[in-house]
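This briefing covers selected contacts and secondary-structure packing in one protein model. The points are grouped by topic for use alongside the sequence and coordinates.

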Amino acid sequence: MGSGRRVVGEEVGDGAVRQGPKQPGAATGAGSTIVMVDRLQRAVGNAAVTALLARGGPLSLQRIRVDLPAGGSVGEGATNSREGVKLVLDRLHVLWAITNDEFDRVYPGVSALAPGDPVTDAATLRTVRNSLARADEPTLAAAVAQAQFNLPVSASVGRAQPNSVADILMLQDLLHTHWHLTNDAYDRERAAVLAGRPRTSVNLSQTYAGITKLKRAAIAGTGKQGWDPLIRADEAGPPGPGGTDRLADRSFQYDEFLVFVPSGAVASAVNRVHVFFSAGGVVGADSHTEHHGLRGAAESHDWILVGVPGEVGVPHGITLAQIREALESTGRAARVDAVRMSAHSRGNGGLAKTLRRRLIDPSLIEHVTVLDGSDFHRSLTAGFRSSRIPPANITADFVTTGPFPMRGVRSQGMDAEGIRAIGYARLINDAVTLGRVSALPPAIAGLVSAVTLPSRGSFSANSPPPAGKTSINAFVRANRAALRGLLVGERSVNNVGQLSSARDTSPYAFVEWNNLLNINDPNAPRDQWRSVSAGIYSHHLFVAEVADDLFA
């Protein structure tokens, strides 16, 4: 902000200028007093405000608006979609920035609009604007602090609040952890509090500004804690308030489902949805979504990923209504414009259930991909017939389950040993990049460096591959000797602890010993860790290498 430049109003959003911290968490931001024109007009009249604005240097008038990470915005000059406004009103309500009466007056009318429709009612938009301005005030009620931020203060904190020493110290710790208070400001203003001057505004200006940033982030839904530890290096980025997961703010959970909105879909009002039926969990660092790097694969495209969990013996389906509700929970229009579907392993049971019961309008389904699911061919075939999915719109990629026995389906096989070797090398390279392992043992380093892998997303199971892609089978044939070397030391064991002697020489044992797929509890001893067989690695690791095919 230039010398003599005054700001009237301030855009509501993430607002954090992130910098490398000396310890986790730091964000910069002006500590300037926020003056709202409409509030001044109500308090002292138009003439006084006009005189105030006429004095001093240049004036910057910014609109009050919150930008949502899944797309769209709410406030002045915003898209103000039905779903976005509903989401922001809900968040303003729990922050006490909108009264119960105001909420009850405007929320039903917003909800009554059609999916994706803009909110245009002037009174409603005025209520939203005033509530956003109220949320910008640098105060935090004790009940809100406890319920929304798990901050057990004894009384309200912020400008002109009781501000007990203990409460302000807790608040500063929270703000610093979430990068809403810089390292310098944290050290300086914490010292002021400890020196017995917590009620002196000049000494706590950045702490007060941090309260505003904390509430802005809560309204926008930014700064969420990311998945940790990450498995796939292409899903990581510079450290931020939520860790190193660069996709965290666009990863959502609705009920048992995952919703990930790629950057290509954020700016679009169109909802093209790819539904993935997993063999296991779909949320978090130990989920199959993370194993397969599906968020990273989707990020290069504009298909919104909806993950459906899997469970042994229990097929999980999903309805079109549930997909709409999941989209709405992120602030996107409760509308589905096109659908792709894929399933891996026992997730194919959920895919079959969804198709057989026609839980999703078949006219929306463009393509279906079966990933190592030929053992579900009877229920899948029944599902394809029930939803009238033509064989030309079905692809079946297989490694361990054999070709899909349905005439007309494009069935694409991959070499099990080659896939497994590529998977080991990818996991180890990613672990090094992410800092999950230190310097590799010489034998492991030599075996991994003997194979130069293209970046993830470059492989395709299709033959011939699309332009710019590499056929994964052609790569295996061209690198067969080096890939075979990566299979040294594979053996069946009862637990990972039995692989101790091979952990520095066998890529398989190295992957198991270092829990690179996050399947075991790192706090438990390795002789309690379950081991994964080589065949299961083939069945599992190929998905991450050809996942780009699902979204391309």
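The side chains of arginine 216 and aspartate 136 form a salt bridge with an N to O distance of 3.0 Å; a salt bridge here is a side-chain nitrogen of Lys or Arg within 4 Å of a carboxyl oxygen of Asp or Glu. Arginine 216 belongs to helix H9 and aspartate 136 to the loop between H5 and strand E7 (139-140), so the pair ties together parts that are 80 residues apart in sequence. The model is predicted: local features need pLDDT of at least 70, side-chain atom pairs count only at pLDDT 80 or more, and totals for chains, interfaces and linings use all residues. Residues are numbered from 1 along each chain as its sequence is written, and side-chain values use heavy atoms, with hydrogens and water left out.

**Salt bridges**

- Both arginine 216 and aspartate 136 are buried, where buried means under 20% relative accessible area, exposed over 50%, and partly exposed in between (1.4 Å probe, protein chains only).
- The count of salt bridges comes to 19.
- Arginine 134 forms a salt bridge with glutamate 102, and the closest N and O atoms are 3.1 Å apart.
- Arginine 134 sits in helix H5 (residues 122-135) and glutamate 102 in helix H4 (residues 100-111), so this pair ties together parts that are 32 residues apart in sequence.
- Arginine 134 counts as partly exposed at 28% relative accessibility, whereas glutamate 102 is buried, with a relative accessible area of 16%.
- Arginine 420 and glutamate 490 meet through their side chains in a salt bridge of 2.7 Å, N to O.
- Arginine 420 is in helix H16 (residues 416-434) and glutamate 490 in the loop between helix H19 (480-485) and helix H20 (507-513), so the pair ties together parts that are 70 residues apart in sequence.
- At 7% relative accessibility arginine 420 counts as buried, while glutamate 490 is partly exposed, with a relative accessible area of 24%.
- A network of salt bridges links Arg82, Glu83, Lys86 and Glu328.

**Helix H9**

- Helices (H or I, at least four residues) and strands (E, at least two) are DSSP runs, numbered from the N terminus.
- Helix H9 (residues 205-220) has 16 residues, which at 1.5 Å a residue should span 22 Å; its end C-alpha atoms are 23 Å apart, which agrees. The expected span is 1.5 Å times one less than the number of residues.
- Of the 16 residues of H9, 14 are buried, so the helix is largely enclosed by the rest of the structure.

**Eight-stranded sheet**

- Eight strands form an open sheet in the order E11-E12-E14-E13-E15-E16-E17-E18, with mixed pairing; two strands pair if DSSP finds at least two bridges between them.
- Strand E11 (251-254) and strand E18 (410-413) stand at the edges with a single partner strand each, so one side of each is left without a neighbour in the sheet.
- On average, neighbouring strands of this sheet are turned by 20° against each other, direction ignored.
- Strand E13 (residues 272-277) pairs with strand E14 (residues 304-308) in the parallel sense over five bridges, and valine 275 has valine 306 in E14 as its bridge partner.
- Helix H14 (residues 347-356) lies across E13, strand E15 (338-344) and strand E16 (365-371), and runs at about 145° to E15. Axes are lines fitted to C-alpha atoms, for helices over the stretch in contact, and angles run from 0 to 180 degrees between N-to-C directions.
- Helix H21 (residues 534-546) packs on the sheet and touches E15, E16 and strand E17 (394-398), its direction making about 150° with that of E15; contact means heavy atoms within 4.5 Å.

**Aromatic pairs**

- The structure holds six aromatic pairs. Rings of Phe, Tyr and Trp (its six-membered ring) pair if their centres lie within 6.5 Å; planes under 30 degrees apart count as stacked, over 60 as edge-to-face and the rest as tilted.
- The ring centres of tyrosine 424 and tyrosine 537 are 5.6 Å apart and the planes stand at 80°, so the pair is edge-to-face.
- Tyrosine 424 lies in helix H16 and tyrosine 537 in helix H21, so this pair ties together parts that are 113 residues apart in sequence.
- Tyrosine 424 and tyrosine 537 are both buried.
- One aromatic cluster is formed by Tyr424, Tyr508 and Tyr537.
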